[in-house]
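Please read them with the structure open beside you.

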Amino acid sequence: YVALSHCWGGSILPRATKATIQLLKSTIDWGSLTKTFQDAITLTRKLGFHYIWIDSLCIIQDDENDWRVESLKMADIYENAELVVSATGAKDGSEGLFRERKPVQILASDDTQDSSTFNPLLTRAWAFQEKLLATRIVHFADHELVWECKETQRCEC
């Protein structure tokens, strides 16, 4: 499965609630999904995966017990995902994953410059945890794609 790392921001996200969970188990209206969710699902399918974990849809948001139980599993979810898709450059769900970019070449990078100005997700503590736990993560950043795994980082810088 793929896991999505994203900023909720100010956009209205579709959410699993006590009132919506049964309907969400049978169908989710494509038009009700944010651009980020649509892009992540499309990418998941294109890569040949059948499942994607999205926090707001997989944790019942207004059920304190479900939130407590499921939030304890989040470290395992991000660590065990085959791939974490990170909407690094998006401030909220309306912006999606894909951006215009002009890659020059793919390079190994140990560059530690602060890119949080252009990549809102990098300012979130929980996203830092997801990044550390992920075995493989692809960042859809503001101007480039960045690939990270336990052994290396590659960017279109």
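The points below go from the chain as a whole to its cores and then to its strands.

1. Basis of the note. This is a predicted model, in which local features need pLDDT of at least 70 and side-chain atom pairs count only at pLDDT 80 or more, while totals for chains, interfaces and linings use all residues. Residues are numbered from 1 along each chain as its sequence is written, and side-chain values use heavy atoms, with hydrogens and water left out.

2. Overall layout. The chain contains six helices and seven strands, these being DSSP runs (H or I of at least four residues for helices, E of at least two for strands) numbered from the N terminus. Followed along the sequence, they give the pattern β-α-α-β-α-α-α-β-β-α-β-β-β.

3. Of the 157 residues in the chain, 43% are buried, where buried means under 20% relative accessible area with a 1.4 Å probe, protein chains only. The accessible surface of the chain is about 9300 Å², and carbon and sulfur atoms hold 54% of that surface; areas come from the Shrake-Rupley method with a 1.4 Å probe, and for residues only the protein chains shown count as cover. Among contacts (heavy atoms within 4.5 Å) with a separation of 6 or more, 70% are between residues 24 or more positions apart.

4. The nonpolar cores. A nonpolar core is a set of buried Ala, Val, Leu, Ile, Met, Phe, Trp, Tyr and Cys residues joined through side-chain atoms within 4.5 Å. The largest has 17 residues, and Leu-4, Phe-37, Val-85, Leu-97 and Phe-140 have the most contacts inside it. At least two residues of this core come from each of β1 (2–5), α2 (35–46), β3 (83–86) and β5 (136–140), with α2 giving the largest share, four residues. Apart from this core lies another, of 11 residues, including Ala-3, Trp-53, Leu-133 and Ala-134.

5. Leu-4. Setting aside neighbours within four places in sequence, Leu-4 is in contact with Thr-36, Phe-37, Ala-40, Ile-52, Trp-53, Ile-54, Tyr-78 and Val-85.

6. β5 and its partners. Because four of its five residues are buried, β5 is largely enclosed by the rest of the structure. β5 pairs with β3 in the parallel sense over three bridges, pairing being called where DSSP finds at least two bridges between two strands, and Val-85 stands opposite Val-138 in β5. β5 and β6 (residues 145–149) run antiparallel and are joined by five bridges; here His-139 stands opposite Val-146 in β6, and a hairpin of four residues connects β5 to β6.

Key:
Buried means under 20% relative accessible area, exposed over 50%, partly exposed in between (1.4 Å probe, protein chains only).
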